[in-house]
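Thanks for coming, everyone. Let me put today's model on the screen, and then we'll walk through it.

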Amino acid sequence: MTFPILSIIVFTPIVAGVIILLLPAERKGWIRGVALLASAVALLLSVVAYFSYDIPQGGYQMVQKIPWLPAWGISYHIGVDGLSLPLVLLTGVVMFTGVLISWGVDDRPREFFGFLFILATGVFGVFVSLDLFQLFFFYEIAVFPMYLLIAIWGWQKTREYAAMKLTLYLFIGSVVALVGALAMFFASGLHTFDMLELERAGFSGAFQRIWFPVVFFGFGVLGGLFPFHNWSPDGHVAAPTAVSMFHAGVLMKLGAFAALRVGIMLLPEGAKVHLPWIIFLALVNVVYGALIAMVQTDFKYVIGFSSVSHMGLVMLGFASLSREGYIGSGLQMFSHGVMTALFFAVVGMVYDRAHTRDIPKLGGFARKMPVVAIAFIVGGLVSMGMPGLSGFVAEFPIFLGVWSAQPIVAIIAALGIVVTAAYIMIIVRRVFFGPMPEEFEGHIGDVTPLDKLALGVLSFILIALGVFPAWMAPLVASGVNSVMRLLGGA
Amino acid sequence: MFLELQFVLPEIGLLALAGVVIGLDMTLRRAARRSLGWVTAAGLAILLGVAVWSALRPAGDEILGGMLRADTLAASFRVIILAAAMLSVLLAMGVEGLADRGEAYALMLVATLGMCLMAAAGDLVMLYLAIETTSIPLYLLAGYLKRDTRSTEAGLKYFLFGAAASTVMLYGFSLLFGFTGETRLAAVAQSIAVGSMPRVLWIAAAMLVLVGFGFKVSAVPLHFWTPDVYEGAPTPITAFISTASKAAGFAVLMRVMLTVFTPAVAPYWVGVVVAMSVASMTLGNVLALTQKNIKRLLAYSSIAHAGYALIGLVALSPLGVASTLFYLGAYVITNLAAFAVVIVVARIVGSDDIAQFAGLSRRAPMVALALMIGLLSLAGMPPFVGFVAKVFVFAAAVQRGYIWLAVVGVLNSIVGLYYYLIVLKVVYLYRSENEAQPLPVTAPYKWALGLTMLGILVLGILSGPWFDWAIRAAGSIY
């Protein structure tokens with residue numbers, strides 16, 4: 001038997017989480033140590049898995065299949081392809097940097113890291129799932145700890161409301177999708193939840209037309225698809241920094257990824273019928289998200305709505321039903337994940353020192369924390385789609401794909417990018433440059449070396465992907481091949 | 001004869017154990033009587049082992065002249081009931097007024113005996129006797145704390161409602177017997193199938209019988225007693241009624257409805273059960289939203305769970321029976337975990353108000369974690385057993401084309417999640433003045449919590465073999 005690297009990646013966090021929960025609460029040093037070690041192991045193994053994938057061979061690799069509930073044709077079936085592997089890497093990165101940034105959590109760090117790591121296992125599990133039941137199993141594990149993480153460690157003012165709203169929204173989405181999955185199970189007549197077999201089930205056109213929206217919107221809720229995006233800015237803002245990073249960086253990709261894997265790939269005929277109108281919802285995401293971000297005065301809400309806008313681009317790519325669109329979406333999921341994690345890290349660092357996120361009250365932070373300012377500017381440029389950074393690499397193919405499907409949508413969506421550029425530049429000027437208000441003078445210091453390391457890692461990835469996309473683009477393209485095959489080369 | 005008695009070994013054991021406990025209660029000094037709980041629990045553990053052994057043996061048929069059916073379904077329910085009884089006895093060991101009363105343990109054993117017979121009954125007479133053997137000790141136990149007015153009120157209320165439901169059910173039995181001339185369930189079914197009874201009458205009989213069973217499982221509209229009795233009864237007894245008694249109720253419900261009123265005549269009563277299921281889920285969950293007392297909250301949640309379990313019944317399929325059985329196993333173990341935490345907390349703070357749970361996560365992080373696992377499992381979150389159990393019943397509904405029913409169930413589970421989260425919010429988020437004080441957990445509760453947590457995780461993650469077992473049990477009916 002080969003080294004089960006994916007299983008180890010999936011279960012490292014939860015094992016670490018349980019160990020952490022069993023440690024005595026006073027041993028904060030040990031707790032953080034175990035957390036850092038586990039996240040480093042997960043990151044390292046994700047990197048190893050990433051670079052050991054054989055692109056020319058394509059398809060699902062590092063596959064492992066163990067019967068789990070044979071009566072239902074359910075198995076523990078994992079594997080990665082060109083679309084999921086970057087997301088596994090992304091999760092590893094965000095988890096590692098999230099731990100670095102949460103070093104200062106002092107209220108019940110044991111529970112904090114414990115729940116965070118259980119969440120991480122859920123996320124990893126969804127990305128590598130090749131079994132529909134297993135996917136739901138991990139999906140729910142990823143959703144629930146969010147409630148406690150936000151409600152306990154979140155921003156006092158809105159945490160209870162936001163945590164409940166987020167949990168209920170996501171739970172509704174996932175259970176609705178679950179009914180769709182059960183319908184697929186019985187309609188296929190194959191008596192299996194194995195997604196590779198369900199891909200070949202040949203569901204009737206009528207069945208696909210009815211159930212595609214159920215599944216796609218069910219997962220689309222977590223992907224922040226308009227009009228079900230409402231939970232996301234509130235949730236992002238209320239969450240503590242590391243959780244916002246996880247949430248916007250990874251969890252929203254979970255929704256998009258599951259919508260792709262279960263919705264589009266299992267019900268391609270339904271996708272072809274419905275996506276041409278869903279593209280307009282995605283367009284609303286892009287433009288409306290950017291416009292709302294523009295008028296926010298709370299730093300974190302700006303980033304929250306920018307996530308809605310950027311996830312709209314991912315959905316646009318899906319809805320374009322074109323090869324370029326999917327490649328772009330695949331890259332955008334990774335790029336946005338890293339970028340938004342960076343943004344939320346920066347917001348957290350500013351807030352921890354200024355104790356306010358009101359943009360008009362901030363200013364001059366570049367002098368006090370130059371590294372943070374540089375990192376934010378890198379992220380900002382990525383967000384505007386500046387060539388030479390990962391955002392361009394991802395967004396350019398999306399626009400190509402959308403242009404080929406609906407030129408008018410591409411033009412309007414491009415306006416969203418202009419708005420993005422505007423609000424990013426406003427923030428850079430107001431928060432990082434200009435005079436620093438007197439109340440902050442003196443007691444605002446620089447960030448810790450751990451924070452700098454986290455920002456460095458995230459910025460490095462954004463630049464590396466922008467300058468040298470060849471380490472990811474061919475991989476994603478190989479994953480898109482199978483989507484295109486299912487869509488019949490549409 | 002001897003082979004037939006082999007199947008009822010656990011029942012014989014229960015009777016003997018009850019005798020032993022009463023004997024010891026009379027001879028032991030008061031201080032020593034506290035350990036009677038350990039005797040009872042250990043005895044039940046052994047009987048549980050015997051019951052598992054008997055459930056794994058190939059299923060037999062009618063025994064003791066058709067009074068009992070020695071099939072896998074009966075044996076499986078017996079395992080659930082005995083496990084629930086054992087855990088409830090552990091829970092009773094720290095409650096003043098119950099812990100050192102041998103008669104309370106003996107009454108629990110007799111009720112358990114009745115429940116085991118309910119699950120196996122193959123004859124109307126046996127069925128009625130079993131139901132009453134279960135009910136009468138439970139009435140007494142609900143009102144056991146004589147000095148507590150709420151407990152006496154609960155006892156009386158349970159008795160009055162129970163007696164009324166029981167007479168209505170008995171009327172249904174008498175109709176069945178009067179027209180078919182048979183008391184054995186299988187013979188009654190055959191007789192109905194050949195048309196010995198006018199349709200109106202057997203539909204009436206089905207409805208009357210449903211009243212009695214609906215009361216036992218606390219399904220809407222026969223749920224009225226539930227919140228008051230659950231709140232007033234001593235908490236271990238509440239746990240016992242809400243788990244073992246409900247499971248036994250489902251055992252007879254499934255057996256009678258699916259074997260006497262067979263699929264050929266099923267369309268006439270299924271609609272009613274669907275309505276009961278939807279009403280139970282919806283009403284239970286919605287009313288649970290506003291509860292301030294954890295026992296009342298769990299009472300309404302248990303009404304809702306009866307609704308989910310009924311989904312498996314209306315599917316009228318082997319998968320449906322198996323999923324209901326699995327659901328009940330999951331529910332029983334999870335609900336006992338929740339009640340264990342309630343007792344652990346209430347013993348110290350002296351109240352069942354949800355507000356008293358504030359600061360629990362700081363005061364006793366492990367107890368809080370156990371409560372979280374229990375409530376999340378009730379809400380249907382993986383990796384806990386509630387998730388797979390819910391998926392199975394919804395799957396049974398979808399398989400039979402009841403997609404709308406599955407959707408109703410799904411929407412209800414969201415409402416459920418909401419109020420479980422409210423409790424968790426109090427536990428994890430709110431502060432209280434007494435959070436620095438320790439919250440001692442005595443040995444019986446450590447056992448109860450440990451066993452239930454183990455069950456929730458093992459059944460939830462390695463569900464395969466258990467579900468196969470449930471499918472085999474469903475073969476007893478189909």
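I'll take the two chains, then the place where they touch, then some local details.

Some housekeeping. This is a predicted model, so local features need pLDDT of at least 70, side-chain atom pairs count only at pLDDT 80 or more, and totals for chains, interfaces and linings use all residues. Residues are numbered from 1 along each chain as its sequence is written, while chains are lettered from A and ligands numbered from 1 in the order in which they are written.

Chain A. It has 19 helices and two strands. The C-alpha trace of chain A spans about 70 × 55 × 40 Å along its principal axes.

How much of chain A is buried? Buried residues make up 63% of its 490 residues. Buried means 20 or more other C-beta atoms within 10 Å of the residue's own; exposed means 12 or fewer; partly exposed is in between; and C-beta atoms are placed from the backbone. Now contacts. Two residues are in contact if their C-beta atoms, placed from the backbone, lie within 7 Å. In chain A, of the contacts between residues at least 6 apart in sequence, 81% join residues at least 24 apart.

Chain B. Here we have 20 helices and two strands. Its radius of gyration is 21 Å, close to the 23 Å from the globule rule for 478 residues, so chain B is as compact as a globular protein of that length. Its C-alpha atoms fill a box of roughly 70 × 55 × 40 Å along the principal axes. Of the 478 residues in chain B, 62% are buried. For contacts in chain B with a separation of 6 or more, 80% come from residues 24 or more positions apart.

Next, the interface. In it, 28 residues of chain B are in contact with 26 residues of chain A. On the chain B side, helix 16 (365-379), helix 17 (385-399), helix 18 (403-428) and helix 20 (464-474) each supply at least two residues. Which helix gives the largest share of that side? Helix 18 of chain B does, with 11 residues. By class, the chain B side has 22 nonpolar, four polar and two charged residues. Nonpolar covers Ala, Val, Leu, Ile, Met, Phe, Trp, Tyr, Cys and Pro; charged covers Asp, Glu, Lys and Arg; the others, Gly among them, count as polar.

Stay with helix 18. The axes of helix 16 and helix 18 of chain B come within 9 Å and cross at roughly 170°. Axes are lines fitted to C-alpha atoms, for helices over the stretch in contact, and angles run from 0 to 180 degrees between N-to-C directions. Helix 16 and helix 18 of chain B are therefore roughly antiparallel, the label for angles over 145 degrees. The contact has 13 nonpolar, two polar and no charged residues.

Another pair in chain B: helix 11 (residues 235-260) and helix 14 (residues 318-349). Their axes come within 8 Å and cross at roughly 170°. Helix 11 and helix 14 of chain B are therefore roughly antiparallel too. The residues that meet include B:Phe250 of helix 11 and B:Phe339 of helix 14. This contact has 13 nonpolar, six polar and no charged residues.

One residue in chain B. B:Met453 sits in helix 19 (residues 443-461). Buried or exposed? B:Met453 is buried, because 20 other C-beta atoms lie within 10 Å. Apart from neighbours within four places in sequence, B:Met453 is in contact with B:Ala337, B:Ala370 and B:Ile373.

Back to chain A to finish. Helix 9 (residues 231-238) is mostly covered, with eight of its eight residues buried. Those buried residues pack against helix 5 (132-153), helix 6 (159-188), helix 10 (241-266) and helix 12 (299-319) of chain A.

That's the tour.

Terms used
Helix = DSSP H or I, 4+ residues; strand = E, 2+ residues; numbered from the N terminus. Rg over C-alpha atoms; globule rule 2.2 N^0.38 Å. Parallel < 35°, antiparallel > 145°, perpendicular 65-115°, else oblique.
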